[in-house]
Amino acid sequence: YRTKHDRLLHEKRKEKHVKHVEWACGFSATKFDTTLEAVKHTVIPTSHCAVYYYASLSDIRSILRQGIPLGDKAQGIFFTEHHPHQLSIMEKSIFRSVEAFVVCSLPEH
């Protein structure tokens, strides 16, 4: 970017593509399920599936501006189809933090 202003304009444009941000710290498992199902039915195309990427809240804020970083070992990005209260022990060990998450839409095939 030529200037800081150019970079800020670029980030603003990228943030416009974020469909919805939900502050859900106090959600129960049932509330998570109903909210995430509503997102799936209203935002995710039928040809796609909803997947989750977990990280710290500060990392998620950065991800919303800059995208999901490639892992340290360059093995790709790990997503899960599991809601926060459904994560397995293995999934919890793969993600550096499960404090927050983003829902992404990926093609089914």
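Arg-96 counts as exposed because its relative accessibility is 71% (exposed is over 50% relative accessible area, buried under 20%, partly exposed in between, with a 1.4 Å probe and protein chains only). Its side chain meets that of Asp-59 in a salt bridge, 2.6 Å from N to O (a salt bridge is a side-chain nitrogen of Lys or Arg within 4 Å of a carboxyl oxygen of Asp or Glu). This is a predicted model: local features need pLDDT of at least 70, side-chain atom pairs count only at pLDDT 80 or more, and totals for chains, interfaces and linings use all residues. Residues are numbered from 1 along each chain as its sequence is written, and side-chain values use heavy atoms, leaving out hydrogens and water.

**Salt bridges**

- Two salt bridges turn up in a search of the whole structure.
- The pair of Arg-96 and Asp-59 links distant parts of the chain, 37 residues apart. Arg-96 sits in the loop between H4 and S2, Asp-59 in helix H3 (helices, H or I with at least four residues, and strands, E with at least two, are DSSP runs numbered from the N terminus).
- Asp-59 is partly exposed because its relative accessibility is 27%.
- Glu-37 pairs with Lys-40, with 3.2 Å between the closest N and O atoms. Both lie in helix H2, three residues apart, about one turn of the helix.
- Glu-37 is partly exposed at 31% relative accessibility. Lys-40 is partly exposed at 27%.
- Side chains of opposite charge can pair when their charged atoms come close.

**Nonpolar core**

- The largest nonpolar core has 18 residues (such a core is a set of buried Ala, Val, Leu, Ile, Met, Phe, Trp, Tyr and Cys residues joined through side-chain atoms within 4.5 Å). Tyr-52, Tyr-53, Tyr-54, Ala-55, Ile-60, Ile-63 and Val-102 touch the most other members.
- Helix H2 (29-42), strand S1 (48-55), helix H3 (57-66) and S2 each give two or more residues to this core. S1 supplies the largest share, seven residues.
- Val-102 touches Val-51, Tyr-52, Tyr-53, Ile-60, Ile-63, Leu-64 and Ile-68, not counting residues up to four places away in sequence (contact means heavy atoms within 4.5 Å).
- In soluble globular proteins, nonpolar side chains tend to be buried together.

**Phe-101**

- Phe-101 is in strand S2 (residues 100-107).
- The C-alpha atoms of Phe-101 and Tyr-54 are 4.2 Å apart, though 47 residues separate them along the chain.
- Beyond residues up to four places away in sequence, Phe-101 touches Phe-32, Leu-36, Tyr-52, Tyr-53, Tyr-54, Ile-60 and Pro-84.

**His-83**

- His-83 is placed in the loop between H3 and H4. It counts as buried because its relative accessibility is 4%.
- Leaving aside residues up to four places away in sequence, His-83 touches Asp-33, Leu-36, Glu-37, Lys-40, Tyr-52 and Tyr-54.

**Cysteines**

- The structure holds zero disulfides (a disulfide is a pair of cysteine sulfur atoms within 2.5 Å).
- Cys-49 is buried at 15% relative accessibility. Cys-104 is buried too, with a relative accessible area of 18%.

**Surface patch**

- Phe-78, Met-90 and Ile-94 form a nonpolar surface patch with about 270 Å² of accessible area together (areas come from the Shrake-Rupley method with a 1.4 Å probe; for residues, only the protein chains shown count as cover).
- Patches are made of residues with over 30% relative accessible area and no salt bridge; like charges are joined within 9 Å, nonpolar side chains (Val, Leu, Ile, Met, Phe, Trp, Tyr) within 5 Å.
- Met-90 lies in helix H4 (residues 89-94). Met-90 is exposed because its relative accessibility is 53%.
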